[in-house]
Structure formats: C-alpha cells, structure tokens
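Please read it alongside the sequence and the model.

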Amino acid sequence: MEPDDPLLKILVCPLDKGPLSLLVPGDALYNPRLRRRYPVLDGIPQLLPTSGEQLTDAEHHRALRRLADRDPGS
C-alpha cells in the first residue's frame, strides 16, 4: 500500500471501528488507540481481529515516531 491509496480513507480497525494509519513503507496498518498493528501482505490489508498484534510500549513509541516522521505537519 502507498500513503496516498484512497482505500486508507475507508479502512477501519475491526475492533474499535476507528481509523487506521499506514506505517511506511506500507508494511502495516496501525491503530494507536488500541496499540494494534495489522499486516499488509502483497498489498492486501489483513484486518481480521486475529491477524492484529498488540504492540509493547517501546514498539508503540517507535510506530508513533514513524507516523510523525512521514507527517510534515506534526
């Protein structure tokens, strides 16, 4: 997936139905509210609740840094 993919505007977390953020380079979608990462395999988001993984505090902070690094407005 690419950051400008229109699909990102409609994809939501299967658990809380909130928006997801793409972790560049397009290898995962992230829900910072629940600290869950969902893989993107061959360009296809894996959004089953069981496909997501819980991130540790350190992983969560790294993911937030990755999101901030790609957003010049932050």
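## Strand β3 and its partners

In this predicted model, strand β3 is joined to strand β5 (residues 53-54) by 2 bridges, and the two run antiparallel. Strand β3 itself spans residues 36-41, and the points below take up its faces, its pairings and, separately, the setting of H60 in helix α1.

**Faces of β3**
- In a regular strand, side chains alternate between the two faces of the sheet.
- The covered face of β3 carries R36, Y38 and V40, whereas R37, P39 and L41 lie on the uncovered face.

**Pairing with β2**
- Strand β2 (residues 28-31) pairs with β3 in the antiparallel sense, over 4 bridges, and L29 has Y38 of β3 as its bridge partner.
- The two strands β2 and β3 form a hairpin in which 4 residues lie between them, and R35 in that turn has a positive phi of about 60°.

**Pairing with β4**
- Strand β4 (residues 44-45) runs antiparallel to β3 and is joined to it by 2 bridges, with I44 of β4 standing opposite L41.
- A hairpin is formed by β3 and β4 with 2 residues between them, and D42 in the turn has a positive phi of about 55°.

**H60 in helix α1**
- H60 belongs to helix α1 (residues 57-70), and it counts as buried because its relative accessibility is 6%, where buried means under 20%.
- Apart from neighbours within four places in sequence, H60 is in contact with Y30, P32, R35 and L55; of these, R35 is the turn residue with the positive phi in the hairpin of β2 and β3.

Note on methods: Residues numbered from 1 in each chain as written. Predicted model: local features only at pLDDT ≥ 70, side-chain atom pairs only at ≥ 80, totals over all residues. Heavy atoms only, no water. Buried < 20%, exposed > 50% of the residue type's maximum accessible area, 1.4 Å probe, protein only. Pairing = 2+ DSSP bridges. Contact = heavy atoms within 4.5 Å.
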